[in-house]
Amino acid sequence: MNTRTFDYIALAFVVIGAINWGLIGFFQFDLISLIFGGWASWVSRVIYAIIGICGIYALTLFGRVSNDSYSDQ
């Protein structure tokens with residue numbers, strides 16, 4: 001797998017996490033906990049951990065996007 005595939009996977013998880021946090025902020029509704037069995041469920045914790053790791057990985061996109069925009073000119 002190339003890095004572009006990882007970029008899209010990470011971006012998808014970051015969007016899922018952002019939507020979940022929006023639901024928590026606006027409606028006090030945690031979709032991930034509802035689907036996977038609450039905070040105490042190990043599945044929910046794994047999902048949250050994956051989303052967190054993808055968020056950290058997505059930070060690397062900032063540097064690569066700025067470098068790519070200069071190489072296209």
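A: A polar contact is a pair of N or O atoms within 3.5 Å; within protein, one atom must be able to donate a hydrogen and the other to accept it, and residues adjacent in sequence count only if both atoms are side-chain atoms. By this criterion, the side chain of serine 41 reaches the backbone nitrogen of valine 43 at 3.3 Å. The model is predicted: local features need pLDDT of at least 70, side-chain atom pairs count only at pLDDT 80 or more, and totals for chains, interfaces and linings use all residues. Residues are numbered from 1 along each chain as its sequence is written, and side-chain values use heavy atoms, with hydrogens and water left out.

Serine 41 lies in the loop between helix 2 (31-36) and helix 3 (42-71); helices are DSSP runs of H or I with at least four residues, strands are runs of E with at least two, and both are numbered from the N terminus. The protein has three helices and zero strands, in the order α-α-α along the sequence.

Serine 41 has a relative accessible area of 16% and therefore counts as buried (under 20% relative accessible area, with exposed over 50% and partly exposed in between; 1.4 Å probe, protein chains only). Of the 73 residues of the protein, 22% are buried. By contrast, phenylalanine 26 and phenylalanine 27 are both exposed.

Among contacts (heavy atoms within 4.5 Å) between residues at least 6 apart in sequence, 40% join residues at least 24 apart.
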